[in-house]
Amino acid sequence: MIETTMATAQRQFDIAAELLALEPEVRDMLREPRRELIVHFPVKLDNGRVRTLTGYRVHHNITRGPALGGLRLQSSATLDEMQALAMWMTWSCAIVQIPYGGAKGAIVCDHRELTSGELERIIRRYVTEITPLIGAERDVIMPDLNTNEQTMAWIMDTYSMHHGYTMPSVATGKPVQVGGSQGHGQGTARGLCYTVRQAASKIGLDLAGARVVMQGSGSTGRLVLQFLAEMGCRVIAASDDNTGVVAETDAGIDVNTLIEHRVNTDGVANLAGTKPISHNELLELPCDILVLAAGQNDISGANAGRIQAKIVVELANGPITPTGDSILANKQIMVVPDILANAGGIVVSYFEWVQGLQEFFWTEREVHGELATTMERAFNEVFTVAQERFVPLRTAAYLLAVDRVVRAMAMRGIYP
Ligand SMILES: NC(=O)c1ccc[n+]([C@@H]2O[C@H](COP(=O)([O-])OP(=O)(O)OC[C@H]3O[C@@H](n4cnc5c(N)ncnc54)[C@H](O)[C@@H]3O)[C@@H](O)[C@H]2O)c1
């Protein structure tokens with residue numbers, strides 16, 4: 001039987017709960033979302049017909065502050081998946097020590113079939129339907145799959161129209177013209193690179209000349225390549241959904257040329273100075289840093305034994321199976337887990353929320369500086385737990401996050 005996404009999230013939580021020896025009633029409270037709203041709403045299409053769509057908004061936990069979570073447009077979105085994603089948001093927020101709980105939302109639709117006008121009406125009606133749940137002090141929406149800063153501007157505007165005045169902090173990832181933060185689009189990629197820098201220092205790896213293999217080369221993956229190159233790393237291989245390429249010489253691949261080629265040709269094939277390589281071969285190349293920036297379950301029991309990287313970093317969510325994880329741990333390969341590595345976007349969302357509430361905006365340099373401090377502190381705290389408890393970073397990240405939420409629950413108590 002295939003496990004549902006929520007069952008996977010609950011299993012991960014159960015492992016941490018067991019190690020923390022949590023009471024059964026505490027586990028019961030955290031295994032399920034706090035609240036979930038399903039809406040079915042009508043929208044007028046450009047051809048005059050009316051279509052009824054389904055949307056979800058789930059809050060997993062709001063003990064540490066308002067919920068924060070993306071809104072995605074996805075025809076395969078399910079409530080089960082939203083529950084799991086909301087739970088993972090709770091843990092990510094706790095790991096990076098920002099005062100939020102976890103949420104997630106989706107509208108079930110294929111955005112490619114919709115005109116811009118239809119999309120706008122769908123977003124505005126969805127926001128209207130979920131208004132009882134959202135707000136700067138309740139639940140903050142951020143971009144996710146197939147949503148962007150324009151979507152966030154519509155969300156902010158709709159919510160503000162209902163209230164009669166501008167309320168920027170109901171959504172983050174907005175355009176800077178309407179209260180967005182400098183550096184938001186780079187938050188996830190920069191945050192990940194700051195964790196890589198810490199990871200490298202822990203194992204005595206000099207980033208100058210460190211060999212990087214990048215699985216995937218999408219919009220965030222490309223930024224990661226750029227920032228790692230700025231830190232002195234040498235990119236030796238990269239891939240897209242069709243193929244991989246590996247540098248023909250030790251000098252590696254020029255990142256700007258790679259990005260230009262990737263964008264212009266919609267792939268990495270035939271990049272000058274490289275030769276083709278299969279997806280599996282790419283993952284198994286000798287290198288210092290392997291960044292997983294494509295899909296799920298790509299490192300498993302079948303290939304983990306052949307991974308030769310010193311550090312594996314998860315930009316994608318869930319790219320390593322539990323069996324793959326154990327094998328990498330036995331090989332003493334450091335894995336920087338998704339809930340820590342890709343939390344930079346969440347952190348910059350928090351910065352945008354703070355700036356919006358204060359109506360006081362930071363420079364890009366200040367945003368990057370605060371992000372570096374936050375991600376480095378989070379990495380070091382997770383690393384310390386890993387050392388103290390003799391567990392891999394993923395387990396340590398869960399222990400830290402769950403413990404923080406549980407302590408907050410204990411301090412607040414149960415109302416009434
Ligand atoms: N949780 C977060 O905050 C967060 C933030 C950003 C990205 N991510 C995840 O990280 C991953 C990368 O992000 P992105 O913005 O670059 O995504 P993207 O959608 O822009 O690009 C994904 C890339 O993966 C490639 N790809 C697909 N299957 C592949 C395979 N088998 N082998 C190699 N490449 C393959 C595609 O060609 C594409 O280049 C995605 O899974 C995304 O969901 C998570």
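Mentor: Helices (H or I, at least four residues) and strands (E, at least two) are DSSP runs, numbered from the N terminus. This is a predicted model, in which local features need pLDDT of at least 70 and side-chain atom pairs count only at pLDDT 80 or more, while totals for chains, interfaces and linings use all residues. Residues are numbered from 1 along each chain as its sequence is written.

Trainee: Why is H7 called largely enclosed by the rest of the structure?

Mentor: A residue is buried if 20 or more other C-beta atoms lie within 10 Å of its own, exposed if 12 or fewer, and partly exposed in between, with C-beta atoms placed from the backbone. Nine of the twelve residues of H7 are buried, so the helix is called largely enclosed. Among them are Thr220, Arg222 and Phe227.

Trainee: What do the buried residues of H7 pack against?

Mentor: They pack against helix H6 (187–202), strand S6 (211–215), strand S7 (234–239), H8 and strand S10 (289–292). Contact here is counted when two C-beta atoms, placed from the backbone, lie within 7 Å.

Trainee: Why is Ala21 called exposed?

Mentor: Ala21 has 6 other C-beta atoms within 10 Å, and the limit for exposed is 12 or fewer. Ala21 is therefore exposed. This residue is in the loop between helix H1 (5–19) and helix H2 (24–31).

Trainee: Why does Gln97 count as partly exposed?

Mentor: Gln97 has 16 C-beta neighbours inside 10 Å, so it counts as partly exposed.

Trainee: What makes the phi of Ala21 and of Gln97 worth noting?

Mentor: Most residues other than glycine have a negative phi. Phi of Ala21 is near 50 degrees, a positive value, and phi of Gln97 is near 60 degrees, also positive.

Trainee: How do you know that the bond between Tyr415 and Pro416 is cis?

Mentor: Omega is about 5 degrees there, and the peptide bond is listed as cis. Most peptide bonds are trans.
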